[in-house]
Amino acid sequence: MKKNLITLGLMCLSTITFASDAKLKSQLEKIGATDVKISDSPLTGFKMATSNEGVVYISQDGRYVIQGKVFELKNGKAIDITNQGLLAELNSYTNEMIVYPAKNEKHVMTVFMDITCHYCHLLHTKIKEYNDLGITIRYLAFPRGGMNTQTAKQMEAIWTSADKVKALNDAEDGKLPTQIKTPDIVKKHYQLGIKFGVTGTPNMVTSEGELIGGYVEPKELAKMLSE
């Protein structure tokens, strides 16, 4: 009897079918996702999919989709690993970021910001404090009103300036660009922000891919990152 049960179990396992990555991509495209990329996942039985909608996990048979935060329990901590699949895309924009490096760098924070945002301005006034605490700040553009706004065009002018740091500093001092540009680079940053789940500014992304929403004081942020 025991032998028969084992045989039956093996037969059941052998009937589980795994869809190809192309099939999984097709399944997600049928429900409206675009720019779908399938990759391996830390969840057993699931693949990770990134798209214009962000990150989801799709079962390897293509029947189930999980959307929402995923945490890994490690060393007594719950680590948010939801957006780790977007880190390669995030870091591919390194040359387009406006960077304020810490001399003794301990942490790197990528900040989605808007030049009309009060709390982004507050964060920017404290750049030296973040840097002194070993936190490098890297800015990506996220005009809250979308692409068809004056702000998006002004931010494009800043991000394509020969001296991006000076252009942003000037804008934060109230000296906005006099020439505006079609938001091409800004559009890429904005779309990436949507994938990360950014809905407002500032939003910060840690080097592990965790999203921190809202403004955080320099000392408080340093404490959070060191825990």
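Trainee: Which strands does helix H7 lie across?
Mentor: This is a predicted model. In it, helix H7, residues 164-172, lies across E7, strand E8 (107-113) and E9. The helix runs at about 85° to E7.
Trainee: In what order do the strands of that open sheet come?
Mentor: The order is E7-E9-E8-E10-E11, five strands in an open sheet with mixed pairing. Neighbouring strands are turned by 25° against each other on average, direction ignored.
Trainee: Which strands stand at the edges?
Mentor: Strand E7 (98-100) and strand E11 (211-213) do. Each has a single partner strand, so one side of each is left without a neighbour in the sheet.
Trainee: And E7 with E9, is the pairing parallel or antiparallel?
Mentor: E7 pairs with strand E9, residues 135-141, in the antiparallel sense, over three bridges. Within this pair, Val-99 stands opposite Arg-138 in E9.
Trainee: What holds such strands together in general?
Mentor: Strands of a sheet pair through backbone hydrogen bonds.
Trainee: Changing topic, what does UniProt place at residues 18-83?
Mentor: The unreviewed UniProt entry places there the feature "domain: Disulphide bond isomerase DsbC/G N-terminal". In the model, that span is 15% helix and 38% strand, and its end C-alpha atoms lie 24 Å apart.
Trainee: Where does pLDDT stay under 50?
Mentor: That happens over residues 5-15, for which the model has zero contacts beyond four places in sequence. The protein averages a pLDDT of 90, and 93% of the residues score at least 70.

Note on methods:
Residues numbered from 1 in each chain as written. Predicted model: local features only at pLDDT ≥ 70, side-chain atom pairs only at ≥ 80, totals over all residues. Heavy atoms only, no water. UniProt positions renumbered as here; feature names shortened; annotations may be inferred. Helix = DSSP H or I, 4+ residues; strand = E, 2+ residues; numbered from the N terminus. Pairing = 2+ DSSP bridges. Axes fitted to C-alpha atoms, helices over the stretch in contact; angles between N-to-C directions. Contact = heavy atoms within 4.5 Å. pLDDT = per-residue confidence, 0-100.
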